[in-house]
Amino acid sequence: MLWLALHFHSLPLEVFTRGAAVSGPLAVAEKLGGRTRVVACNAAAEACGVGAGMAASAAQALADGLVVRQRDALAEQAALEGLAVWAGRFTSSVSMAPPAGLLLEVGTCLNLHRGLGNLLKMARSGLEEVGYAAAMACAPSSRGAWLLARAGVEKAIHEPARLEAILVTLPVALLDQPAGVVEGLDRIGASSLGDCLRLPRAGLARRFGQALVDELDRALGRVPEARAFFEPPARFERALELPAPVHVAEALLFAVRRLLPELEGFLTRRQAGVQELELVCRHERRDATVVKLGFVKPVRDAGRMQLLMHETLGRTRLPAAVHTIVLRAPRVQPLAGANADLFRTQHGEADGDLLLERLRIRLGPDAVHGVETAADHRPECAWRPAQGSKRAAAANRHRPLWLLPDPLPCRDGRLKLQSGPERIESGWWDGGDVARDYYVAEDGDGARLWVYCDRVSGEWYVHGVFA
Amino acid sequence: MNSSLESVLQHPGIWRGSQRAQAAEAVLPTGFAALDAVLPGGGWPRGALTELLIRRQGIGELRLLTPALARLSEEDGWLAWVAPPYVPYAAALAAAGIDLAHVLVAKPASDADTWWTAEQALRSGACGALLAWLRAADERRMRRLQLAAETGRAWGVLFRHARLATERSPAALRLLLEPASEGLAVRVLKRRGGPVNRPLVVALPDAGRTTSVLSLARS
């Protein structure tokens with residue numbers, strides 16, 4: 001087993017900042033024991049001298065225009081769940097370590113991701129896309145990896161002996177123990193894990209509880225640890241509050257880009273794809289705007305969704321400013337994963353569906369279609385626009401390549417009938433009754449027309465061109 | 001001639017006046033031997049624009065293309081019809097051997113959208129052929145289309161009015177089509193290679209010869 005631990009050290013701050021590219025000085029404060037203290041702050045605030053642990057009022061005095069937000073534990077929990085969903089793209093064994101950690105069992109999926117180095121690289125760039133920062137560490141035991149990540153020791157360790165050598169240097173404050181235990185250990189002079197391990201086991205357990213000994217054993221991998229794995233929700237619906245109201249639809253793209261990788265992780269984990277996507281833009285005191293996105297076939301690739309989202313948002317007008325966006329996948333459909341090539345084949349293969357989707361977004365869904373034949377004798381009913389990929393085709397070589405959408409009254413006396421008639425009488429059952437004699441006629445300028453004589457009125461019409 | 005000069009002359013961008021240009025891109029046989037004989041490489045140029053100049057619709061300009069379109073529809077990729085003047089009729093397309101599953105019709109609402117659609121279709125690489133009926137052409141837009149066709153390696157066919165025959169155009173091939181008694185008279189206005197002076201007549205497959213058959217009876 002190899003565990004990858006992710007510690008999201010700036011999660012309290014990132015739940016507020018990840019919706020926008022840049023923001024002014026921002027600090028997140030929490031009320032503890034009657035005093036409001038800064039828990040985290042961004043780089044702009046740090047530059048003004050604000051730091052964690054500072055009183056909120058002091059921070060406000062230091063930084064001009066500092067925005068102080070109350071810590072939102074619920075949002076952090078939702079963000080962690082979102083991250084667990086996102087991590088589904090790497091492995092199905094994702095375990096949450098609240099309030100700000102994820103543990104991924106990656107030993108079984110190293111081949112899939114072409115080695116640990118590649119996996120870590122993908123995880124790091126993926127996290128950047130979704131807008132979080134994390135300390136990452138790998139170790140054979142989940143508790144050990146977690147302690148390394150908490151301590152900020154970003155190392156990938158495979159051997160238990162090496163893990164022990166590093167763990168013994170870590171401070172006891174990292175342990176998941178009550179404050180009293182940590183304080184007590186400190187008082188007897190055991191400030192690092194190594195100090196604890198050197199103490200007699202029985203005495204340590206008697207004095208500080210079995211839990212401490214168990215935790216040390218689990219960290220070193222001497223005792224296995226049972227972890228509950230995260231079960232992704234049945235539906236995908238993720239909200240993102242924007243740091244500032246957005247008026248232009250295109251500006252929403254940045255925030256949408258944060259959510260799409262989570263959707264991709266969700267779909268990968270479920271071996272599924274989506275054919276429809278909904279982006280709900282919530283306004284103040286107004287009904288939400290819903291932007292819909294349709295795909296020709298189920299898709300999973302976040303890049304593709306992003307491309308079409310970009311086109312769609314570019315053509316969307318917002319009635320009011322947006323404060324929150326919600327990305328929703330109403331229906332997921334099974335979609336097998338793509339096989340990786342054993343040999344590096346030529347890439348950059350054209351994607352016909354993508355072109356179709358892009359044209360539909362810009363021109364409207366009805367303006368782009370295929371054609372298929374229909375079983376009807378009336379020429380105008382014998383074809384129809386087709387949206388799917390299966391096309392019925394009944395060939396008829398006595399038909400012109402151009403059909404006029406509306407027959408044109410013809411009073412040109414110069415037409416010369418060449419062949420015919422082909423009598424078509426049909427449609428009495430649906431009100432579109434026709435009784436026509438069709439002829440091929442040549443006009444004086446070398447064009448061959450498909451004309452008919454309406455047998456009811458006796459009028460002549462042009463219905464097609466043999467182009 | 002030494003070998004290095006020979007290799008320079010092999011460059012597809014260079015042609016000598018005495019001979020037809022070596023086709024840089026793949027070509028698509030037209031299905032008409034007389035036409036293949038005058039086209040560089042012996043067919044329609046893929047990855048370039050072909051301009052068909054006609055005085056009016058319906059003289060057989062589509063029948064000139066159908067053999068090549070039928071061949072293309074066996075491959076992957078769309079046959080995109082952008083802003084066609086009428087409805088491309090499914091039964092006749094199928095009769096010409098074109099696989100309808102590859103036919104894509106786009107009817108943009110504005111001229112700007114038409115140009116955009118044509119360019120996207122050519123550039124995407126997802127189209128085997130693009131047939132476009134464009135209005136208000138200018139050279140800059142045409143050049144963009146030509147580049148898009150090169151990028152997407154698509155056969156771009158533009159239908160334009162014959163009065164534009166004297167205008168400059170970046171298209172690789174320009175043909176002026178006129179009706180003739182035994183088919184279609186084709187004048188090559190421009191091709192990659194030397195000029196062609198004499199017009200040629202292409203005998204088109206006869207269309208629409210119906211015998212007097214009642215449709216109901218035949219079904």
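This is a predicted model: local features need pLDDT of at least 70, side-chain atom pairs count only at pLDDT 80 or more; totals for chains, interfaces and linings use all residues.
**Sheet.** Strands E18 (residues 448-454) and E19 (residues 460-465), both of chain A, run antiparallel and are joined by five bridges. They belong to an open sheet of six strands, paired antiparallel, and I read the order as E16(A)-E17(A)-E18(A)-E19(A)-E15(A)-E5(B). Which strands stand at the edges? I found E16 (416-426) of chain A and E5 (87-88) of chain B there; each has a single partner strand, so one side of each lacks a neighbour in the sheet.

**Cores.** Next I checked the nonpolar cores. The largest has 93 residues, and A:Ala5, A:Ala27, A:Ala145 and A:Ile325 have the most contacts inside it. Helix H12 of chain A (residues 253-270) gives the most to this core, namely seven residues. Apart from it I found another core, of 92 residues, with A:Val371, B:Val27, B:Met142 and B:Ala154 among them.

**A:Ala5.** I wanted to know what A:Ala5 touches once neighbours within four places in sequence are set aside. Its contacts are A:Gly101, A:Leu103, A:Ala137, A:Ala145, A:Trp146, A:Leu148 and A:Ala149. A:Ala145 turns up here and also in the list of residues with the most contacts inside the largest core.

**Chain B.** Last, I went through the totals. I got seven helices and 11 strands for chain B. Of its 219 residues, 48% are buried. Among contacts in chain B with a separation of 6 or more, 66% come from residues 24 or more positions apart.

Technical notes:
Residues are numbered from 1 along each chain as its sequence is written. Chains are lettered from A and ligands numbered from 1 in the order in which they are written. A nonpolar core is a set of buried Ala, Val, Leu, Ile, Met, Phe, Trp, Tyr and Cys residues joined through C-beta atoms within 7 Å. A residue is buried if 20 or more other C-beta atoms lie within 10 Å of its own, exposed if 12 or fewer, and partly exposed in between; C-beta atoms are placed from the backbone. Helices (H or I, at least four residues) and strands (E, at least two) are DSSP runs, numbered from the N terminus. Two residues are in contact if their C-beta atoms, placed from the backbone, lie within 7 Å. Two strands pair if DSSP finds at least two bridges between them.
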